[in-house]
Amino acid sequence: MSTATAAPATPLTQLSAWKSLKAHSEKIRSLHLRQLFKDDPGRGTRLTAEAEGIYLDFSKHRITDETLKLLLELAKESGLRARIDAMFSGEKINITEKRAVLHVALRAPKGEKILVDGQDVVPDVHEVLDRMAAFSDRVRSGEWKGHTGKPIKNVINIGIGGSDLGPVMAYEALRSYSRRDMTFRFVSNVDGTDFAEATRDLDAEETLFIISSKTFTTLETMTNAHTARAWALKKLGDEKSIAKHFVAVSTNAEEVTKFGIDTKNMFGFWDWVGGRYSMDSAIGLSTMLAVGPENFRKMLAGFHAIDEHFRTAPFEKNLPVLMGLLSVWYNDFFDAQTVAVLPYDQYLKRFPAYLQQLTMESNGKHVTLAGEKVDYQTGPIFWGEPGTNGQHSFYQLIHQGTKLIPCDFIGFAKTLNPLGNHHDLLMSNVFAQAEALAFGKTPEEVEAEGTTDWLVPHRVFEGNRPTNTILLEELTPETLGKLVALYEHSVFTQGAIWQIDSFDQWGVELGKVLAKKIIGELEGKDPGGKHDSSTNTLIERYKKQRG
């Protein structure tokens, strides 16, 4: 095990930079952004960074030059550079599962060399991409026919977690680039309603299902897959029809064959791809079917551009590093427990939900790489909605509530749907909200407006609420790839600082194991009564009400 993959020798809170940040945070806690901008009129142009078409304004943060210096020193003392190099070189930095972490290989151009256990994985990646592209072209052109000879008009992706959230988000984000004469839907919840509503108005003769499960044993996914199989056979009749209406994203050829899917239509991926990092692997087959292979490759190019920026840029100009360090700053030194992600583009309506898995499954950890319990906060809660909807919902709490909530505003200079002055109105709100959160409104300013004395406190905005503003030119497949990679590597940065394994997810296992035991009780195969009094009572009550 290299020093980059081993548990750090010095606990985080014992690092010199951490101790200095602790003292520094107490010293500047009362500093207001109003004063910081007054003392440094050029702050709004100086505290910015730009790379690969992404402009990051981080000037509206409660930081000084000293804060930045200490945060960058923390990154250095935490061995972030070595961790980055270890990931890109294929070292097994997911130490609890003894796996490499190489989602960056999924978007590496042909000709690059990335080794896992001495084998170059890039050719394998492109072999799968080429097969995906050939299949997508056949379906999109109408060459691929269903069992009765009709072309495919409907595509349903069945998966859960990373096999669902990434494809859903990407489809919604790139809907403007998608085939409008095809219907794309996504089923993830084991709740039968999800499947019933997704298929209610569809014709099985024109419907293709993508079953996305690495092991082809995931309970929720395979329950929905078998329901889909029964739904298709009810109309198509012939067992042989399954091969024309189902494809698999999996590595378990035996189970795929048993299901009735031709393994020529099985698209694989690798154990060095975590589920929440897999939207640009074969898990993105539905995305490729929707937007076409060319646009899918443009998205991969966007990912790769930020991968290279993250790998090579000095930390003081490195977008993901800066965002990750600022997240650590508020999470650990200001007790800010959440982060709001506020995309001002309706196409990104599922982006906050996607980030919830990426960030919270990665960094929701309570022990270090060494297995020691942390004595500091790790992953914050991520949440959000697209603007301007959120402004008429939860912004009240962000502006005048008692909780400090750092916000990421995401906006685009150009809209894909120009309608009158809609886009100028939309973007005026991006800039206005960030300004209002930073500077607020003082009692004196409220009084000067002629507000009666008793009403003044209610109309005061304290301000001093930190924000990032992330600006891009236009939402394209390439910029979507860049945006996702930006957050992927920010999450990596935070995990490296916190000395945790950002790439396992043992926390999702226990509930699944217990559910498998309980299903036997609900179905009468197990007499039950083996749980605590609350769980036993709930099970019995459910069975009685169900009948």
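Guide: Buried means under 20% relative accessible area, exposed over 50%, and partly exposed in between (1.4 Å probe, protein chains only). This model is predicted: local features need pLDDT of at least 70, side-chain atom pairs 80 or more, while totals for chains, interfaces and linings use all residues. Residues count from 1 along each chain as its sequence is written, and side-chain values use heavy atoms, without hydrogens or water.

Visitor: Is T493 buried or exposed?
Guide: T493 lies in helix α19 (a DSSP run of H or I, at least four residues; strands are E, at least two; both numbered from the N terminus). Its relative accessible area is 0%. That is under 20%, so T493 counts as buried.

Visitor: Which residue's backbone oxygen lies 2.9 Å from a polar side-chain atom of T493?
Guide: Leaving aside neighbours within four places in sequence, T493 is in contact (heavy atoms within 4.5 Å) with L80, F310, P320, V321, G324 and L325. The backbone oxygen at 2.9 Å from its side chain belongs to H489.

Visitor: Which residue in β9 is the bridge partner of A248?
Guide: The open sheet runs β6-β5-β7-β8-β9, with parallel pairing (at least two DSSP bridges between strands). Its edge strands are β6 and β9. Two bridges join β8 (residues 246-249) to β9. In β9, the partner of A248 is M266.

Note on methods. Polar contact = N/O pair within 3.5 Å; in protein donor to acceptor, adjacent residues only side chain to side chain.
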